[in-house]
Amino acid sequence: MVTMKALYCQQNSSGEEMTFIFQERENLPPTGDNDVKVQVRACALSWIDTKLLSEVKLEKELLPVGREISGVVLEVGRKVSFFQPDDEVAGILPLDSEESGLCEVVLVHEHYLVHKPEKVCWVEAAGTVRDGVRAYTALHYLSQVSPGKTVLVMDGASPFGTIAIQLAQHRGAKVISTAYSLEDKQYLERLRPAVGMRQPLVTRVIDVSNGKIDVAESCLEETGGLGVDIVVDAGVKLYSAEDESTSKSQLLPHKHDIITLLGVGGNWITTERNLQLDPPDSHSLFLKGATVSFLNEEIWNLSNIEQGKYLCILEDIMEKLSSSVFRPQLDEPIPLYEAKVSMEIVQKNQARKRQVIQF
């Protein structure tokens, strides 16, 4: 009998406080026909969206923690066709997974995994896969990034922002980004492609940390008054300044700023799930023939209809890592015994770099 530890999250009755606990777990259930048994080598930590889980009826008393994994195949089910033992793989456990990725061995359906190239290290594979899926969803499915387009990536120094910038620039777009601090600004100005031309990835970095710079004005200036084709926000201010509490939300753009800086036929891709547009906002968007799309990368897992496309995205992310197009914003790898503390930081949205546990 082998016992392994796995990390779970427990919510108190009010749903406010979360505690993270290691649970001993007995042997895994037998490997199903389409299952792959993976020895986990790295697992990235991401914020747990309890609201989404309750809305799709997946709330449990103990929620497994850690979904983005990389590792080695130990065993495959009878009907598994893509993998064999000793293959190196990476992927994202589905939303309804019973498995915690923060466990030495997990069982995963083969349709959630892809091969990991040898050149790509475990930590990078696990640490990039979710931000990669988000970036592809934003720039390939909710909008079509292509040469000559102008893309504004808000908070470009975040782990997701970094990958979105790299993907947009690789596709030939001109990229503008906002920075929340001097450190972020310097990081963005230093970003260069790994191969080929050495010009910066970001054409213009708008430092919004002092609250004095007008994002809309800067973008219109940069585009000769035409506005940007694609905006990927990192949240927006919904109300006037008095109602906003935290200092971070002080730095967010107002929805009117984003509508102002959008070009004709532009795409606004928002992460703001409670976005409220008033009739004048809608009218401005109508005059520009613009669209608003909501970025929720879980759609790939909530519906199996696009499984083929989803696997293509995962494969493409691995290929971009292998060719150094993607160079993720990762913290130093963290040992498993520190996973609890790290997860608490991630859940409070206090981590500026992607946190990855290495086994």
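Which side chain meets that of glutamate 319 in a salt bridge? The partner is lysine 320, at 3.4 Å from N to O. All views show a predicted model, in which local features need pLDDT of at least 70, side-chain atom pairs count only at pLDDT 80 or more, and totals for chains, interfaces and linings use all residues. Residues are numbered from 1 along each chain as its sequence is written, and side-chain values use heavy atoms, with hydrogens and water left out.

**View 1. Salt bridge between glutamate 319 and lysine 320.** A salt bridge is taken as a side-chain nitrogen of Lys or Arg within 4 Å of a carboxyl oxygen of Asp or Glu. Glutamate 319 is partly exposed at 40% relative accessibility, whereas lysine 320 is buried at 4%. Buried stands for under 20% relative accessible area, exposed for over 50%, and partly exposed for values in between (1.4 Å probe, protein chains only). Elsewhere, salt bridges with shared partners join Arg67, Glu68, Arg130, Arg134, Glu297 and Glu298 into one network.

**View 2. Salt bridge between arginine 204 and glutamate 222.** The count of salt bridges comes to 24. In the pair shown here, the closest N and O atoms are 3.3 Å apart. Arginine 204 lies in strand S11 (residues 204-207) and glutamate 222 in helix H5 (residues 215-222), so the bridge ties together parts that are 18 residues apart in sequence. Helices (H or I, at least four residues) and strands (E, at least two) are DSSP runs numbered from the N terminus. Arginine 204 is partly exposed, with a relative accessible area of 22%, and glutamate 222 is also partly exposed, at 22%.

**View 3. Salt bridge between aspartate 278 and lysine 255.** The closest N and O atoms of this pair are 3.4 Å apart. Aspartate 278 sits in the loop between S13 and helix H8 (279-288), and lysine 255 in helix H7 (residues 255-261); the two are 23 residues apart and link distant parts of the chain. Aspartate 278 is partly exposed at 32% relative accessible area, while lysine 255 is buried at 4%.

View 4. Asparagine 267 is buried, with a relative accessible area of 13%. Its side chain makes a polar contact of 2.7 Å with the side chain of threonine 291. A polar contact is a pair of N or O atoms within 3.5 Å; within protein, one must be able to donate a hydrogen and the other to accept it, and residues adjacent in sequence count only if both atoms are side-chain atoms. Neighbours within four places in sequence aside, asparagine 267 is in contact (heavy atoms within 4.5 Å) with residues including Leu142, Ser143, Asp229 and Ile230.

View 5. Most residues other than glycine have a negative phi. Aspartate 155 is buried, with a relative accessible area of 5%; asparagine 349 is exposed, at 59%.
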